[in-house]
Amino acid sequence: MVRRTDPRSARDSLARIPLFAALSPDEIAALDAACSWRRVEAGAAIIDHQDDGTDVFFVVHGHVRVMIRQPGGQSVILRDIGDGEFFGELAAIDGQPRSAGIQAVTAATVARMPAAVFRGAIHAHPSVSDQVLALLAGQVRMLATRVTEFSTLNVRHRLYAELLRQSRPDPREPAHAIISPPPIQADLAARISSHREAVSRELAALTRAGLLDRRRGALVLLDPARLRQLVEEAYAGG
């Protein structure tokens, strides 16, 4: 369910979006006025894959997910978008149907900006243009990595690569890496184009091998260097 909110009666503003950090208060106010603002409940679809809309959406508060639902009903998760980030820029630039769907993971407040306004901001402000170019380059790199993983690695090694991607150094033990909060197995499966049962089996195998520990509120990679080595060997063998 999507409910409208009035940003001018609350603290919501595009001033919270790093893309517009270099703009003046008056420029931000003009962009705020050009947007429609919505409150989106957790689980709600914001846009669907192949929709014709070209507006850009800015996540002022909340967490949303980029995903593609396959014909058989299985979903592939491409990436997550949090506070201060945005989506829909591809359609705003080229006018083509949406390349993926977006679903709210938590309740979120989003600002919906017309494509013409977004393109105008890119043309008028070099800092905005540079950040959009960097984002697009990052997406190309991410998708190239995912395509390579899907075409070269089996489910086991795709899972290792995804666990490493989500992990951060463990502040209590530098040799370990931590994922907190622990990922839902179904979400891991959607990220590596597999099934929850396969992910569950592989996580159990990692635990038995002494490479994974389950703590309250976290997964701990006990030997991330070994996992990286296994992924590299899988690439070499593929």
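**Helix packing and strand pairing in the predicted model**

Helix H5 (residues 155–166) packs against helix H8 (residues 224–237) at an angle of about 135 degrees, with the two axes 9 Å apart. Here, axes are lines fitted to C-alpha atoms, for helices over the stretch in contact, and angles run from 0 to 180 degrees between N-to-C directions. Helices (H or I, at least four residues) and strands (E, at least two) are DSSP runs, numbered from the N terminus. The model is a predicted one, in which local features need pLDDT of at least 70 and side-chain atom pairs count only at pLDDT 80 or more, while totals for chains, interfaces and linings use all residues. Residues are numbered from 1 along each chain as its sequence is written, and side-chain values use heavy atoms, with hydrogens and water left out.

H5 and H8 are therefore oblique to each other; angles under 35 degrees count as roughly parallel, over 145 as roughly antiparallel, 65 to 115 as roughly perpendicular and the rest as oblique. On the H5 side, His157, Tyr160, Ala161 and Leu164 meet Pro224, Leu227, Arg228, Leu230, Val231 and Ala234 of H8, where contact means heavy atoms within 4.5 Å. By class, this contact of H5 with H8 has eight nonpolar residues, one polar and one charged (Ala, Val, Leu, Ile, Met, Phe, Trp, Tyr, Cys and Pro count as nonpolar, Asp, Glu, Lys and Arg as charged, and the others, Gly among them, as polar).

Turning to the strands, an open sheet of four has the order E3-E8-E5-E6, with antiparallel pairing; two strands pair if DSSP finds at least two bridges between them. Strand E3 (45–47) and strand E6 (75–81) are the edge strands, each pairing on one side only. From one strand to the next, the twist averages 35 degrees. Within this sheet, four bridges join strand E5 (residues 64–69) to the antiparallel strand E8 (residues 101–104), and Val66 has Ile102 in E8 as its bridge partner.

Strand E4 (residues 56–61) has six of its six residues buried, so it is largely enclosed by the rest of the structure; buried means under 20% relative accessible area, exposed over 50%, partly exposed in between (1.4 Å probe, protein chains only). E4 pairs in the antiparallel sense with strand E9 (residues 108–113) over five bridges, and Phe58 stands opposite Ala111 in E9. Two bridges also join E4 to strand E7 (residues 86–87), again antiparallel, with Phe87 in E7 as the bridge partner of Phe57.
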